[in-house]
Amino acid sequence: MGSHYPEGEEPTDEDLQATFADTVEALAAAEVPYLLIGGLSASAFARPRITDDIDVFVRPDMARKVLQALAGAGFETEETDDRWLFKAFKRGVLVDVIFRSSGDVYLDDEMLERADMQEHWGVTAPLVSPEDLLVIKAVATTEHGSHHWYDALAVIARCPLDWAYLMRRARQAGPRRVLSLLLYAESNDLAVPAEVIEALFEVVHPQLKDSLDVPAPNGRTPKEEART
């Protein structure tokens, strides 16, 4: 994963930590509901890795209020792309204000209810749940963003997951991509409940559901064979 900054202009750890504290303080003062996603959440739930920016996930109707709150706290701000992303800067540190993630994932009440309050750099802030992080990462994966895929795999490896909730979110945002991720996870000997893969497969290929229930000459259905 490449840096978000030109070579030689990367912020120091001290600048990153101070800007993180300022970000959390500004959003708390503005009473804006938000979740932290990106590298900070990946480090908490998936795998330790270096992060050099701050990713804040907000509702679309709150995005400009967030920019105003950050501007009031001394950040430089810009409305980068009104379809999904604004940016703010302080001490050379980038804060991404994201209001539509890949796959048309938007912040909603259920995601906020499942926020995980954790302390990072001495500051307590709401992190996106492991399940929502997995879906966001799976859907966001691209050729140049392959780290998202491996972050999602690490979530499976490290976190006890609410699989029913995960399936519900995957149906909404990216059932094919999440199904692919879970099958790949199984190929790496990570534990994934068979019923989760079966349920997502039926969402992706409903036309094949009946064929999976047709008994073969041995009396067993393809679905039963797959479970042995």
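1. A salt bridge here is a side-chain nitrogen of Lys or Arg within 4 Å of a carboxyl oxygen of Asp or Glu. Arg100 and Asp104 make one, with their closest N and O atoms 2.8 Å apart. Buried means under 20% relative accessible area, exposed over 50%, and partly exposed in between (1.4 Å probe, protein chains only). Arg100 counts as partly exposed because its relative accessibility is 23%. Asp104 is partly exposed too, with a relative accessible area of 48%.

2. On provenance: this is a predicted model, in which local features need pLDDT of at least 70 and side-chain atom pairs count only at pLDDT 80 or more, while totals for chains, interfaces and linings use all residues. Residues are numbered from 1 along each chain as its sequence is written, and side-chain values use heavy atoms, with hydrogens and water left out.

3. The salt-bridge count comes to 14. Lys137 pairs with Asp151, the closest N and O atoms being 3.0 Å apart. This pair links distant parts of the chain: Lys137 is in helix H5 (residues 130-140), Asp151 is in helix H6 (residues 147-158), and they are 14 residues apart. Helices (H or I, at least four residues) and strands (E, at least two) are DSSP runs, numbered from the N terminus. Both Lys137 and Asp151 are buried.

4. Which residues are linked in a network of salt bridges? They are Asp108, Glu110, Asp132, Arg168 and Arg169.

5. Strands S3 (residues 76-81) and S4 (residues 85-90) run antiparallel and are joined by 4 bridges. Strands pair if DSSP finds at least two bridges between them. A hairpin of 3 residues joins S3 to S4. Thr77 has Ala88 in S4 as its bridge partner. Lys87 forms a salt bridge with Asp96 (2.9 Å, N to O). Lys87 and Asp96 are both buried.

6. The largest nonpolar core has 71 residues. Such a core is a set of buried Ala, Val, Leu, Ile, Met, Phe, Trp, Tyr and Cys residues joined through side-chain atoms within 4.5 Å. Leu36, Ile54, Leu134 and Leu182 touch the most other members. Setting aside neighbours within four places in sequence, Leu182 is in contact (heavy atoms within 4.5 Å) with Ile156, Trp163, Val192, Val196, Ile197 and Leu200.

7. Arg114 lies over the face of Tyr165, at 3.7 Å from the ring centre. The criterion: NZ of Lys or CZ of Arg within 6 Å of the ring centre and within 35 degrees of the ring normal.
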